[in-house]
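Have a look at the fold, then read on.

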Amino acid sequence: AAAWALARAACFFTGVFMYNKDIGCLQQPDWLDGLHCGINALSDPLWNWLIWILIGVGVFFTLSTGFVQFRLLGRSIREMTGSRRSHDGGEQGITAFQAFVTGLASRVGTGNIAGVAIAIGSGGPGAVFWMWLTALIGMSSAFAESTLAQLFKVRDEKTGQFRGGPAYYIGKGLGQKWLGVLFALCLIVCFGLVYNAIQANTIVLAVQSAAGWTADKGTSEAQWAQYQQFLAAGLVLMAAPIIFGGIRRVAKVSESFVPLMAVLYLLMALYVMAVHAERIPEMFALIFRDAFTFKAAGGGLLGGLVSQSMMLGIKRGLYSNEAGQGSAPNAAAAADVKHPVSQGMIQMLGVFVDTIIVCSCTAFIVLLAQLPAKEGLDGIQLTQAALESHVGAWGQHFLAVVLFMFAFSSIIGNYAYAESNIQFLNNNKTVLNLFRLAVLGFVYFGSVSHAQIVWDMGDLTMGVMALINLVAITLLAKWVRLLLKDYTVKVKLGKEPEFKLSEHPVLKRKLKTDIW
């Protein structure tokens, strides 16, 4: 209680200080507003640099791998569809397909529905172009990080299952365990806590809109607060048994949830696009034209070079597809495959599905609706209003159900990533169970909080994670090229690619593992 009171006081005084610095904080800041101000004061300058680092690393891997995201896209589909069983039929890891859908469970969520609407609402239609560009370039970064995660994965001493991710390839590949620990802490906070607060927040707002629990329909603030608490408790009770079941249960639930939710949402989007087929070229023209309408997103040299549509598009694109962020490799490492490149390609495909397909569907639903600007209409509620204009009032309820499936699967997918990093820091059951309780606490916190603070918390923690990971995979690029060369040579020889560490003495001396 004393620590909590001290934290509240610190946030309050931070808020007062930041408000006096006039960086746009709320009037009469309380402790939570103070926290919000401090978050933005750190996040804005970070993202002014990170935008260019993200693009630069993506271009680097695109060129150094010979445009792997385009050359091997077809083969990545074959790898994914043929990976419903582990390569040896054992229980040492989840299948490559399960790793794909676990990664997709975390990628496909509120970023695809609420995040896209936020980007369009704040940055304009041009934000969609920057989301596309981030995905196409970032597919190579996703390939690199997931391939490295497979190479440097370890076998859990207690369960025999595989685990890994950036914390592992930073510690083993770069020999910088302190940086691996820092990344693990960032991921635990970002995915285990903050991102799950975002997912819960979006579910609650979707239910509010679909149920009509709004001020203009007679619901008072006090009533809505009670509804929020009820919904928060319900989400916690639903998430608890899955989260306490561990990553294999997460993988099995994701394998059931993800295909169903994706098909339902895509079918609805395709229907909307078919009805308005004659206007699709007009929407493409609007997106490309607006992408280069400049309105600076920030201050300073680098901030002044970035437009609002570019900033919002890249932020929401990275939140959605996670390419280069260092999150999907945690699921990729758990897969049991014959070659690290196989899983790299499968996770690369996840970025394509997430942004180029699912995010585009949301973008066209919102843009084709041509809704007039409404005060307070943003995020998921903007998408719901757009869908209602296309198909009628039932669209609100349909999207609330689908959004629940997207966001709930993301909660358990996010948890799976965080669990792997908790084990990296301290593979202790008591510590893990305490963390699981903290995750459920943030699900509750997100459900009853204002949307903007949880999204801004997500931007800051995501940015720190991505910065560490992008530097790490760039320094480990030579191993990515070695693995890709090994894979492509065996394909050209007509062999089924299988990685054997004994064929690479230099890497064998560095890696010292019996997995490969």
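## About the model

This is a predicted model, in which local features need pLDDT of at least 70 and side-chain atom pairs count only at pLDDT 80 or more, while totals for chains, interfaces and linings use all residues. Residues are numbered from 1 along each chain as its sequence is written, and side-chain values use heavy atoms, leaving out hydrogens and water.

## The whole protein

The protein has 22 helices and two strands; these are DSSP runs numbered from the N terminus (helices H or I, at least four residues; strands E, at least two). Of its 516 residues, 59% are buried, meaning under 20% relative accessible area with a 1.4 Å probe, protein chains only.

The expected span is 1.5 Å times one less than the number of residues. In α7, 24 of the 26 residues are buried.

Helix α18 (residues 394–425) should span 46 Å with its 32 residues, and its ends agree at 47 Å. Here 27 of the 32 residues are buried.

## A helix pair

Helix α8 (residues 166–173) and helix α9 (residues 177–211) have axes that come within 7 Å and cross at roughly 170°. Axes are lines fitted to C-alpha atoms over the stretch in contact, with angles from 0 to 180 degrees between N-to-C directions. The two helices are therefore roughly antiparallel (over 145 degrees).

Definitions and conventions
Parallel < 35°, antiparallel > 145°, perpendicular 65-115°, else oblique. Buried < 20%, exposed > 50% of the residue type's maximum accessible area, 1.4 Å probe, protein only.
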